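Here's a quick tour of the model below. Have a look at it first, then read on.

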Amino acid sequence: MGVDIRVENLNAWYGAVHTLHDVNLRIPANHATALIGPSGCGKSTFVRCLNRMHETNPAARAEGKVMMGDVDIFKDATPVEIRRRVGMVFQRPNPFPTMSIYDNVASGLKLNGFRNKRVLDEVVERSLRQAALWDEVKDDLKKKSGASISGGQQQRLCIARALAVDPEVLLMDEPASALDPVSTAKIEDLIFKLKSQYTIVIVTHNMQQAARVAENTGFFLMGKLVEFAATTKIFTNPSDKRTEDYITGRFG
Amino acid sequence: MSPLPVRSRHLERLLELRRSATNHAVTALAVVSTVLVLVPLVAIVGYLIYKGASSLNLAFFTHLPAPVGEKGGGMANAIAGSGLLLGLASLMGIPLGIGAGVYLSEYAHGTWLGSAVRFTADVLNGVPSIVMGIAAYALIVARQQHFSALSGGVALAIMMVPTVTRTTEEMLATVPNPVREAALGLGIPKWRTVLSVSLRTASPGIITGCMLAFARVAGETAPLLFTAFGNQFWNLFNLNQPIAALPLQIYVYAISPYDDWHRLAWAGALVLVVMIMIAVTLVRIFANRGVLKGGH
Amino acid sequence: MNEPKTVPVDRPQMQKVVVPQERAVPTERTVETAATPAGLSVVRSFLLAKSSGRYADGAFASLMVVCALSVFAIVLLIVFVLISKSMPSIHQFGWRFFETRTWDPVSGQFGALPFIYGTVVSSLLAVLIAVPLALAVSIFLLDICPRFLRGPISFLTELLAAIPSVVYGLWGVFVLVPIIRDQVGPVLEKYLGWTGFFAEPNFGVSMFSAGVILAIMIFPVISSISRDVMRAVPVNQREAVLALGATRWEMLRIGVLRNSRMGIVGSVILGLGRALGETMAVTMVIGNHPDILKNLLAPGYTLASVIANEFTEATGDLYLSALIEIGLALFLVTIVVNAIARLLVWAVMRGNTARAH
């Protein structure tokens, strides 16, 4: 079950560069929320702060408050605990190359010490079905390496891997940017089906994609959240001039 | 037509000739040099195989060294001793080297300590092996008042550390960062990510590095001269006693005045080189398989 | 197997939602896992109960730091024992130790000059022989060699690097030394005798033999590293020179050698470092006689070989201490030489990779 996310006064720095300025927003539970904006606008930095992935870079720093349900992710928990509740799908498919498809999906549980084989089997099947990959790989689950399938399949494998730990939130950082149109359509379908169960935050540079999958959309520009509203409103009747310029293609 | 252009055309022609002659001369020189280098190379390998193979027999692998004047004898204890010494060295040197390599690649990015460790490892790599022998002697033998297998193992282990450290670091650097991020993003603790994702992905390359380090110390003699010291008899278990080693035995036999022993030295040298070659070939097979299967 | 319940594919509701609607009960979602009283799946409750591994992380990181620090510790320990064990000799002789020619264990007189001389001369001789050959072979392999020969030849040179020192020594004693004594020596005496470098007595075991065997041993190092540096020269540099109508040699000289000279110097110094510390093969062919002679066909002695030869039979603390001081000197010299070489090779390789990307 998803939880809602409340972000208050979030600031982030990369080295000396101030990359996020006072971001405030509320992401509703069990819906898809899209973040759009030109490259370098801080939208990727923003999602990485939501599961504290920014901390893997020693030069990055964040301040402010992020409430996930009733948990303050910077105060009440360690990064590891947060990331177990918040799944992440990255720009490029990144399956573990030395693991089988099965082990890739099970990795979040196995590497955390989960040993019950029966439950693992069930979780792997459920996750692969949720990611619409089961029928394509069910015959070589343990034979093929995660890196040996096609790029689009790899990305769905990564989604299955993220779903296997039963997260409450799913962060997707331009999940289709490295994929062909057919695979992209499959991923979008998937997001559409998953969003009633998980709180999904998807970063995209593709406005049509945002319009297709998300109920709410936020527009980032130069480290600031310019506007956050229902997707239909953003695309038909934005209240900020800069948003309008961006979606009508005047820059970016 | 004035005579000037004719002369300059003539000059040009001469220059052209000189350029092409130099070019041919250098090419010829390179070819001749290569042949010149190949001669001793082939001579060494060929002579080694000829002499070694003609002196090799079953007794070499099963018998103890015979006393002076007696026919026969073998180097069974030296082969076993080398095995024990190398096992001991690997047991100490490889984990230490992998640990240091993991630190350099996964924890020390851009820190001064990382650069310092990396540089120290490179320096240690260039220290003559005989100096390692002195160090192990001063640290262990001098204190215990007797030569020992342990001190020999320590000297060899120290020699393995820098090679293993640097290859581990280099191989971990080939693991794409997004793969690490995938693991961390699943809420897998960093230590588990390093062990089960980074190291596992890089393992073929790291195994290669360990084999190379192993092959390098397998033939070392100098650091064993006054640590393991050599032994004419069996020593399979007692790390506090001197122990025989194949390279040491080859050395002792080579500088002895007896023809029988010279033959054994050649046989020993062949066995040693073949063992090292097998290790290196295994490495090549690993390396050719590639570090990452599939992927990009 | 339970039929996994994917989400009801209901009609898109994308217009109406800003306020989240209440979601149905959690049991609808997970299949296999009988919901716990709190409504959590087995997987979720397992992960929630699982510790964050913070202490394990700390312990693992510390362990890795310890391993890294032990590399330092090893070097420091080596320096420490070498200095402390050579103290008696340092006190007794001071700097004179490196200026004195006498090495007389019987009367307790120790001077390292003959060994320094032997080490320097044999190593320089090796470099002198190996460098031109190694460069020529590198050029041959990179630019001239037909493809089908490239593999076998570079494999052979790598094989040369894998042969242990003691085996080179064995070959030196039984093959090289007789050849130099009976064939090469007399020829050198006849034609180059006037230089004073080649004269009687010629026993075969000599500085010259040591130089030759060292040259064979450092050849693979110089050849493989200089090949790497030459290969690191961007192709467009070569093509630019060729496009001007240069011959192959001019292309190599202007396009390749000039661009990689720092790295080549580095590889030569690295080879020199190997030669300075090389022990077994040298000990077996150099004759082990502590004297400073201009004649290269006469026996000599090196820093490394005197340690190898006399360490176990050294009687008395001063004798042993003098040998350890020689080890200390060898250690310091090779560290300096290697550090210089590494810096040169690093500088070149880094500069080139930076340019390539």
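In which sense do strand β7 (residues 169–173) of chain A and β8(A) pair, and over how many bridges? They pair in the parallel sense, over five bridges.

Five of the five residues of β8(A) (residues 199–203) are buried, so the strand is largely enclosed by the rest of the structure. Buried means under 20% relative accessible area, exposed over 50%, and partly exposed in between, with a 1.4 Å probe and protein chains only. T199(A), V201(A) and V203(A) point one way, while I200(A) and I202(A) point the other way.

## Ground rules

This is a predicted model, so local features need pLDDT of at least 70 and side-chain atom pairs pLDDT 80 or more, while totals for chains, interfaces and linings use all residues. Residues are numbered from 1 along each chain as its sequence is written, chains are lettered from A and ligands numbered from 1 in the order in which they are written, and side-chain values use heavy atoms, leaving out hydrogens and water.

## Where the chains meet

Chain C and chain B bury about 6600 Å² between them, with carbon and sulfur atoms giving 83% of that. (Buried area is the accessible area, 1.4 Å probe, that two parts lose on being put together, summed over both.) The contact, meaning heavy atoms within 4.5 Å, takes 74 residues from chain C and 79 residues from chain B. E250(C) and R19(B) form a salt bridge here, with the closest N and O atoms 2.7 Å apart; the rule asks for a side-chain nitrogen of Lys or Arg within 4 Å of a carboxyl oxygen of Asp or Glu.

Between chain A and chain B the buried area is about 2000 Å², 63% of it from carbon and sulfur atoms. F96(A), T98(A) and L111(A) supply 28% of what chain A buries against chain B, more than any other three residues. One salt bridge is counted between chain A and chain B: R48(A) with E181(B), at 2.4 Å between the closest N and O atoms.

## Salt bridges within chains

Over all chains, the structure holds 30 salt bridges. In chain A, E188(A) meets R212(A) with the closest N and O atoms 2.5 Å apart. E188(A) lies in helix α7 and R212(A) in helix α8 (residues 207–213) of chain A, so the pair ties together parts that are 24 residues apart in sequence. E188(A) is buried at 8% relative accessible area, whereas R212(A) is partly exposed at 41%.

In chain B, E169(B) and R166(B) pair at 2.8 Å, N to O. They sit three residues apart in helix α6 (residues 149–173) of chain B, which means about one helical turn separates them. Salt bridges that share partners join R118(B), D122(B), R166(B) and E169(B) into one network.

Technical notes:
Helices (H or I, at least four residues) and strands (E, at least two) are DSSP runs, numbered from the N terminus. Two strands pair if DSSP finds at least two bridges between them.
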